[in-house]
Amino acid sequence: MRGAFTRTLVELAEREPRILLLTGDLGYTVLEPFAERFPNRFFNVGVAEQNLVGVATGLAEAGFLPFCYSIATFISLRPYEFIRNGPILQRLPVRIVGVGGGFEYGPAGATHYALEDVGIMRLQPGLTVIAPADHEQARTAVLATWERPGPIYYRLGKDDRTVVTGLGGRFELGRIQLIREGAHLLILTMGSIASEVASAAAALADRGISCTVAVVASVNPAPVEDLAALLARFPLALTVEAHYVSGAVGSLVSEVVAERGLGCRVVRCGVRTTPGGTSGSQGYLHHSHGLSSNALVQTALKELEVQRAST
Amino acid sequence: MEESPLSSRQIRRIILDQSKRAHVGHIGSALSIADIIAALYQNVLSTPDLDDPDRDRFILSKGHAVLAVYAALFLKGWLSEQSLNTYCADGTLLGVHPEHALRGVDFSTGSLGHGLSMGAGAALAARLQRSSRRVFVLVSDAECNEGSLWEAVMFAAHHGLSNLIAIVDLNGQQALGYTDQVLSLTPMAERWRAFGWDVHDVDGHDVKAITETIASLDTTSGPPHVLIAHTVFGRGVSYMERQIKWHYWPMSDAEYRQALDEIDATP
């Protein structure tokens, strides 16, 4: 997704001189196409995320569209107050681009995992929050939103190869994207973990269980109407995200169920514990936290059994 | 453009009147910067129109002293008396910290350590747009406790933002004590100089000296500039000067009368 982001931004910058790219000294082998094409519109501000966002705020006030690039956890947590008191409260078009949602920086360890970024960003009513599921959707989402008034948080993945089956790069602000339709179980997901969900849904289909699977990439504005319509049709929904279970899609879905008085039971699959001292590959960490396709299949089977037993 | 008459004394009077009417504090901090604000709004800021994209920008990074700025906006004729009298009232745009929604305020502030970064961005923007506009950022001395301020200091020096002028209100006080007792900032000028800034010590209560120092700066090339403005917290009101409690304390009726008398008696 980060490669798709850079390519898309270069295209946009060719026709839109207001676009600038700022980085907190990250993006090696990713940002060069922009830096080489527009050396005077690319700024490596150094390892200083607060200043990165503060400078972008000053640039945006003068009419620029600054994109602030770093690892998701660094660009969301360290300068969070600068994002709030800067572009959010002052309604300025700063774009925060966080790379590596969830466990994508697996071996780098817990400091590099973005497990609460979407949650803290979703708290802010004045911030658009976009979390694409694959590089095709990332491109569509950037094209659909880059010019939007006010600030935006893009949570991007590192993976520029994997494509989520059935998504076809679709994105629409405030809507969900269905990638599979079935009658037995609803699964709602966000970000690159969607490919694990798609695999899990295919495995469940082999066992005679048909799933409806939807991607929530437009986290804010939230696809409330789409979610309510879907949730009304199912007695059981799984939410799946490489994120703490509080704050992002699991919370959003639970809010819709509660506020609309729907009868759907929500099972939130996500990270429930602070990562321990051990690290490993993304696949290992997904499995450890119940987010691998195999683990998701087991959770779905168990919860469907619970559902059957209770009705 | 014809400048409205605007003086330190008028700014101080308004600070006292409004603080008394609203029964709020931050009086000492506002009095500390009254002469700097007078110099900026009377002599320095080029603002042909509040909406002119090429106007100079001003960021009050020590947002809690904004009453001095409201006074200047009023004296410039950019803020009505009716609006000024809503200071701290329900539904006002004139809170204890500046809000960009108020015409004449370029950036919202209130959390210390934020303004200089935005100012560096604004200065970079001016350069990219080939505008000769300048960016002024007034920070407090205790604000230099914030690490984020020094991120901006490094950035501005590295990029040679000569159109960025910081002013440090060096009054030696902060909310709970004197800066040399809380977290020493000495030597202030040497610190900025070591980071590559063009540093000028100035009497922060001498409007003429502040004005002339700024006029002497090369804002077209070279390093960014900082005025270390030596000030007295609560300046002009004897019982407030250098007193920690006047960071937050509101005035009684008697204190208000005495303060006004002292301001009026000051030549």
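**Figure 1. B:Cys88 sits in a loop of chain B.** The loop runs between helix 5 (81–84) and helix 6 (115–128) of chain B. Helices here are DSSP runs of H or I with at least four residues, strands are runs of E with at least two, and both are numbered from the N terminus. This is a predicted model: local features need pLDDT of at least 70, side-chain atom pairs count only at pLDDT 80 or more, and totals for chains, interfaces and linings use all residues. Residues are numbered from 1 along each chain as its sequence is written, while chains are lettered from A and ligands numbered from 1 in the order in which they are written. Phi of B:Cys88 is near 70 degrees, a positive value in a residue other than glycine. Most residues other than glycine have a negative phi. B:Cys88 counts as partly exposed because it has 15 C-beta neighbours inside 10 Å. A residue is buried with 20 or more other C-beta atoms within 10 Å of its own, exposed with 12 or fewer, and partly exposed in between; C-beta atoms are placed from the backbone.

**Figure 2. B:Arg242 also has a positive phi.** The value is near 60 degrees, in a residue other than glycine. B:Arg242 is found in the loop between strand 7 (225–230) and helix 11 (253–265) of chain B. There are 14 other C-beta atoms within 10 Å, so B:Arg242 is partly exposed.

**Figure 3. Helix 4 of chain B is mostly covered.** This helix spans residues 67–75, and nine of its nine residues are buried. Among them are B:Leu67, B:Val69, B:Tyr70 and B:Phe74. The cover over these buried residues includes helix 1 (8–22), helix 2 (27–32) and helix 3 (34–44) of chain B. Strand 1 (57–60) and helix 5 of chain B are also included in that cover. Just after helix 4, B:Gly77 takes a positive phi of about 90 degrees. Chain B as a whole has a mean pLDDT of 96, and 98% of its residues reach 70 or more. The pLDDT is the predictor's confidence in each residue, from 0 to 100.

Figure 4. A:Pro221 lies in the loop between strand 10 (218–220) and helix 9 (224–231) of chain A. B:Pro187 lies in the loop between helix 8 (179–182) and helix 9 (188–194) of chain B. Most peptide bonds are trans.

**Figure 5. A:Ser218 is a buried residue of chain A.** A:Ser218 lies in strand 10. With 25 C-beta neighbours inside 10 Å, A:Ser218 counts as buried. Leaving aside neighbours within four places in sequence, A:Ser218 is in contact with A:Ile130, A:Leu173, A:Gly174, A:Arg175 and A:Pro223. Two residues are in contact if their C-beta atoms, placed from the backbone, lie within 7 Å. A:Val297 is 79 residues from A:Ser218 in sequence and 25 Å away in space, C-alpha to C-alpha.

**Figure 6. Chain A has two assigned domains, domain 1 (2–156) and domain 2 (177–310).** The bounds come from an automatic or database domain assignment. The domain centres, taken over C-alpha atoms, are separated by 27 Å. Across the contact, 26 residues of domain 1 meet 25 residues of domain 2. Helix 6 (117–122), strand 5 (128–130) and helix 7 (135–145) of chain A each give two or more residues to the domain 1 side. Helix 6 gives the most, with four residues. By class, the domain 1 side has 14 nonpolar, seven polar and five charged residues. Ala, Val, Leu, Ile, Met, Phe, Trp, Tyr, Cys and Pro count as nonpolar, Asp, Glu, Lys and Arg as charged, and the others, Gly among them, as polar.

**Figure 7. Chain A touches chain B.** The contact takes 19 residues from chain A and 20 residues from chain B. On the chain A side, helix 3 (49–61) and helix 5 (80–88) are the elements that give two or more residues. Helix 3 has the largest share, nine residues. By class, the chain A side has nine nonpolar, eight polar and two charged residues. The predictor gives the complex an ipTM of 0.95 and a pTM of 0.96.
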